[in-house]
Structures are given as C-alpha cells and as structure tokens.
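Welcome, and please open the model in your viewer. We will go from one selection to the next, with a short note at each stop.

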Amino acid sequence: MAYLTEPNFNEADASHCTLNFCLFTDKNVGRLGCVGWLLVIISLLFIALTFPITLFLCVKIVKEYERAVIFRLGRIADRKPKGPGLFFVLPCTDNFVKVDLRTVSFDIPPQEILTKDSVTVSVDGVVYFRIHCPISAVANVSNAHSSTRLLAQTTLRNVLGTKNLAELLSDREGISVSMQEALDEATDPWGIKVERVEIKDVKLPQQLQRAMAAEAEASREARAKIIAAEGEMNASRALKEAALVIGEAPSALQLRYLQTLNAIAAEKNSTIIFPLPIDMMQGFMQKK
C-alpha cells in the first residue's frame, strides 16, 4: 500500500458526503432520546468535577489528511466529519474513528480470464482510490479498503470477459476507463472515489505466443516476396525501355560498352578484359 498525494477534501466533497450519508441512514440520526441526554449530562458533570484532568481525555487531534467520525452512544453525532486539528469528545459516551483521505494504490493480483474469443490470458493491474466521504466509508461498509480490492478483481474479470484478444492488446486505455467508471459507480455509496485504473501486464500462453510469432513471420515473408516481385517487374520494364532506346540509336550501345569498361577498370581486381569491337558482331547479327 502506498500513499501518493495529499487529500483534497473541499466543500463539494463535504456536501456530497452529507447527501450520500442521508441516503443510507434513517431520520433518527443524532437523536439520543431521554436516556441518552441523561447520560450526556452526567458526562458533562463528570468533566466539570474532574477539570482539568479530564481535559486530556476530551481534546483530540487529527492530522491534515485525516478526518474523525464521532459516535455518541452508538450514533453518529454530526453529519460532517471533524478535523483537521483539535476537536472535543465526551468521555464514556463518545468514541471516534479516524479515516485517512490520502490516495491509496494497490495491485490487482493476476487473474485468469477467458476472453470473448475463448482465449485464456492472465491480466493484472493497479488501482488508485481515495475516501471522499469519511462518514459513508465508516457507516456503510465494514472495511472499505478490502471491499474495494475484492470488487476490483471481479470488475477486471467482468470487463475483460466482454473483450476479444485483439481489443485487449490494443485498447488498454479504453479498458482502463471502463473499469474506472464501473468501480467508481459501485464504490460511491461507500464514500470512495476511484481516481485511476491501469492494466499492467497481459500474459499469453506459450503455445499462443509461438502461434502468433509464426503467423507474424509468415506475414512478413509474404510481404517481402510481394515487394521483391514488384521490384523485378519494375526492373524488367526499365530494361525493356532501355533496350528500345538503344535499338533506336546503335551508337548508344557502344557508349554503354565503354562505360562498363570504365567501371570495371576503376576497381582494383584481377579481372582481365579483352575488348571486342561491336562491329565484328554485326555480321553474325545480319545472318540471324
């Protein structure tokens, strides 16, 4: 578990937290009844009689990235969490739960998933989330962090089960966005905001890897043969055009012959050349 950023618990989060809490609680929140108020009064009298010793029991401190949810006689005392800084609790009647608002990350264990085209792959990922409503995170779920981890695993299976292998390998960003939206919607009643979901690795079976490699190699060889054939065709067309030009001007063949001799003589090799005039071949060409 890693803590990444400082929390940003603004007024919008506070109002959303209050609305979210109201949807999942009854109308008697904060109402202690006659017996409850009697116990509160006794607690206040105890504080007054033992002051200032009980001051150390009443004053609590929470850090900038924490909030405190106070329970008074088992009921949530206020619709808004306390903090950061100092706040007061009543001894014997109040207890509180600290909630960390920083962004938390966790790894999704590798999941064996059957894709839409019946291919088994192993996929893992990472999720970044934070608590934006401390009251809902305490009152609506027993363990918000553990529940989010388990939900992330099932969501990964459900989302990837609707994708084929090609989409899984090429559209990771779209899959991450779909998972983030699904997780955020499911964890909103728990007071959790899923900020980001990333697919880390997709592991294919060894046989499938070899088959895909063989397919890719065959495809590359086929493209290479097509390119070579196109080159040969273009070269033959160029030679045909050159032959037509040389046939129109017989002296061009003699110039080409001299150029070839010049190119061979420029290199340091042991090639022996016996020049043969082209005119000697005209007699044979006429007989043919």
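In this tour, contact means heavy atoms within 4.5 Å. The model is predicted, so local features need pLDDT of at least 70 and side-chain atom pairs count only at pLDDT 80 or more, while totals for chains, interfaces and linings use all residues. Residues are numbered from 1 along each chain as its sequence is written, and side-chain values use heavy atoms, with hydrogens and water left out.

**Stop 1: helix α5.** Select residues 144-160. Helices are DSSP runs of H or I with at least four residues, strands are E runs of at least two, and both are numbered from the N terminus.

Now colour the buried residues (under 20% relative accessible area, 1.4 Å probe, protein chains only). Among them are Ala144, Thr148, Leu156 and Leu160. The buried residues of α5 pack against several elements, including β7 (104-114), α7 (172-187) and β9 (192-203).

At the start of α5, show asparagine 143: one of its side-chain oxygens comes to within 3.4 Å of the backbone nitrogen of histidine 145.

**Stop 2: a sheet.** Which order do the strands take in the open sheet of 3 strands? The order is β4-β3-β6, with antiparallel pairing; strands pair if DSSP finds at least two bridges between them. At the edges are β4 (75-76) and β6 (94-100), each pairing on one side only. Between β3 (residues 66-72) and β6 there are 7 bridges, and valine 69 has valine 97 as its bridge partner in β6.

Definitions and conventions
Expected span 1.5 Å × (residues − 1). Buried < 20%, exposed > 50% of the residue type's maximum accessible area, 1.4 Å probe, protein only. Polar contact = N/O pair within 3.5 Å; in protein donor to acceptor, adjacent residues only side chain to side chain.
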